[in-house]
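This briefing is meant for a reader who is meeting the structure for the first time. Please keep the sequence and the model at hand while going through the points below.

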Amino acid sequence: MKAQEKFSVNVNIKTEPTDKVDFNETSIGVFFNKTINAKSSIKNTLQYTNLGLNNELETLGSIDELRQIQDKFEISQKISNSTKLSFSLTPTANFQHDLDFSDVSLLGSLEIKQDLNSKTTLSIGAARTSIFGNPKFLPIASLNYNISENANLLIGFPDSKISYSNNIRNTFSLNNSFNGSFYNLDAQNHLNNTAAKAVLLQMTTSFEYERNVEKNWFLNFKAGYDFDKKYKLTNSKDHTVYDFNTSNGYVLGIGIKYKQ
């Protein structure tokens, strides 16, 4: 469990029901990690996500599926024994059914990580991210503290996490994250013909359990709650043309991963 992950493939299924719209997400991802030398390493994560929507309003039945293809490439470089620079580029294509070049956006981040001592690392930087729906530049920061050999604490924005392993097969974690996305719509929406994008955002607090079931195979279970969940349609100028007024709701997920 503590060894560095070099390669993995994962499949995840997640459901997020609300009073007006049920969100059902399926994703598959491939991760690759390569150490170039003593100071440099690269990571790449390619992921495809299919988001199914069960709308209560029949007039919005045409928006029943949204898709995302995303590739995150990250380079980490040690500047000194205690300082590391991380840079990532994340091209992402968010679309309804028909993929077009105009659906592609470029996200990314730049972080400086400083070891304060043998147990504590401070990270600060900036990112172009869609955690609040549409892509925008935001500051990011975190403080990572190794409580013990089996426990770790991460406090920051947009993600915070506390994790614990009671043995080499089990990992328990409590997570809090701000997350969001946007999708370009294929055609004009039936309810409002100025709609160009579907935008989702929320803050998610969840409990996760990962189990190493056999050698390289892992199962993951997730249960949590979405706070301040928003799902809306916007026009080409990012002005809201329809708000679904979705309520907060629970999150349930299960995943399987092969890693080495």
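In which strand is Lys 78 found? Lys 78 belongs to strand S4, which covers residues 65–78, and the model in which this is seen is a predicted one.

**Nonpolar patch**
- A nonpolar patch on the surface has about 1000 Å² of accessible area in total, and its members include Leu 85, Phe 87, Leu 106, Ile 112 and Leu 122.
- Two or more residues of this patch come from each of strand S5 (83–95), strand S6 (104–115) and strand S7 (120–129).
- Ile 112 lies in strand S6, and its relative accessibility of 41% is why this residue is classed as partly exposed.

**Strand pairing**
- Strand S10 (residues 159–164) is paired with strand S11 (residues 170–184) in the antiparallel sense through six bridges, and the two strands form a hairpin with five residues between them.
- Within this pairing, Ser 163 has Ser 173 of S11 as its bridge partner.
- S11 also pairs in the antiparallel sense with strand S12 (residues 197–214), here over 15 bridges, and Asn 175 stands opposite Ser 206 of S12.

Terms used
Residues are numbered from 1 along each chain as its sequence is written. This is a predicted model: local features need pLDDT of at least 70, side-chain atom pairs count only at pLDDT 80 or more; totals for chains, interfaces and linings use all residues. Side-chain values use heavy atoms; hydrogens and water are left out. Patches are made of residues with over 30% relative accessible area and no salt bridge: like charges are joined within 9 Å, nonpolar side chains (Val, Leu, Ile, Met, Phe, Trp, Tyr) within 5 Å. Accessible areas come from the Shrake-Rupley method with a 1.4 Å probe; for residues, only the protein chains shown count as cover. A salt bridge is a side-chain nitrogen of Lys or Arg within 4 Å of a carboxyl oxygen of Asp or Glu. Helices (H or I, at least four residues) and strands (E, at least two) are DSSP runs, numbered from the N terminus. Buried means under 20% relative accessible area, exposed over 50%, partly exposed in between (1.4 Å probe, protein chains only). Two strands pair if DSSP finds at least two bridges between them.
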